[in-house]
Amino acid sequence: MKSRVVYWLVYAVMWLFSALPFKVLYVLSDFNYWLMYYAGRYRRKVVRDNLKKSFPDKSDAERLQIERNFYRYLSDYMLEDLKMLHMSAEDLYRRMTYKNTEQYLELTEKFGGIIVMIPHYANYEWLIGMGAVMKPGDVPIQVYKPLRDKYLNELFKRIRSRFRGYNIPKHSTAREIIRLKREGKKMVVGLITDQWPSGSEKYWTRFLGQETAFLNGAERIAKMMNFPVFYCELTKTRRGYCEAEFKLMTDNPKETAEGEITEMFAHYLEETLRREPAYWLWSHKRWKASKSECERN
């Protein structure tokens, strides 16, 4: 009962905040940035360590500028995510634009589905509007990791399903995709692929000069379904606006070597971060353990 009351209180507050115009939200974001960065020092050590290990060739001043830009982005991201509770479809589609949709749609039609590998970058949550560029009846799938609190989990599912999004919990991905395929549905399966993989199935590679583990679930599903695989290149064009370009990595995943698709994703992501590093979630504890430590455990 207590969790349910908390849920409705949180939802009410979030809904009221989301009704504010973007100009007001960005004033609040500037204040929130000051609170997080200067007053609360939210995960400053984690961010600073991640940047130092990832960009040892940059000067302290350069890394400090990336750090501050990251916290400004993070504060904006939090309120932009919240804004989805109240955004109209027209506003979302105006602020998140898509490139290379012709190939995206062509291969979805030809193969019955595609896999889109997505990083925690820029306005990635706004990709829930991808259904706008798909044909009516096709299914935009979002694979997510359920939260422990069932009420908060329902809250985020509600946000992510507002624009035709079909939410699938991580542990049910293969089963649900197969079911939809048998029903004759064509689909776009979006998977966040750059977080620390908590399970035993990891792909290890050199990424930003460090031994790094990646989730290989997207690759496994692509091979199982023989769905073409795209990398989602996100570009933050200006405050409150983002562009998504879908770059084809392979249209024949079954013919790729083990780990090849995940390796391509890591390569594309590294290029993205070297071009504009501030818009990735550097506050994540991305490098929790080395390969040898994981193998010992």
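What we are looking at is a predicted model, in which local features need pLDDT of at least 70 and side-chain atom pairs count only at pLDDT 80 or more, while totals for chains, interfaces and linings use all residues. Residues are numbered from 1 along each chain as its sequence is written, and side-chain values use heavy atoms, with hydrogens and water left out.

To return to that pair, α3 covers residues 44-54 and α4 residues 60-83, and they pack at an angle of about 130° with their axes 10 Å apart; the axes are lines fitted to C-alpha atoms over the stretch in contact, and the angles run from 0 to 180 degrees between N-to-C directions. Helices here are DSSP runs of H or I with at least four residues, numbered from the N terminus. On the α3 side, Arg 44, Val 47, Arg 48, Leu 51 and Lys 52 meet Arg 63, Leu 64, Ile 66, Glu 67, Phe 70 and Tyr 71 of α4, where contact means heavy atoms within 4.5 Å. The residues of this contact divide into six nonpolar, no polar and five charged, with Ala, Val, Leu, Ile, Met, Phe, Trp, Tyr, Cys and Pro counted as nonpolar, Asp, Glu, Lys and Arg as charged, and the others, Gly among them, as polar.

Tyr 71 also leads us to the aromatic rings. Rings of Phe, Tyr and Trp (its six-membered ring) pair if their centres lie within 6.5 Å, and planes under 30 degrees apart count as stacked, over 60 as edge-to-face and the rest as tilted. By this rule the count comes to 25 aromatic pairs. One of them is Tyr 37 with Tyr 71, a tilted pair at 5.0 Å centre to centre with 55° between the planes. This pair links distant parts of the chain, since Tyr 37 lies in helix α2 (residues 22-39) and Tyr 71 in α4, 34 residues apart. Both Tyr 37 and Tyr 71 are buried, a word that here means under 20% relative accessible area, with exposed over 50% and partly exposed in between (1.4 Å probe, protein chains only). Tyr 37 and Tyr 71 also belong to one aromatic cluster, whose members include Tyr 33, Phe 70 and Tyr 279.

Lastly, helix α8 (residues 173-182) and helix α9 (residues 217-225) pack at about 30°, with axes 11 Å apart, which makes α8 roughly parallel to α9.

Notes:
Helices (H or I, at least four residues) and strands (E, at least two) are DSSP runs, numbered from the N terminus. Angles under 35 degrees count as roughly parallel, over 145 as roughly antiparallel, 65 to 115 as roughly perpendicular and the rest as oblique.
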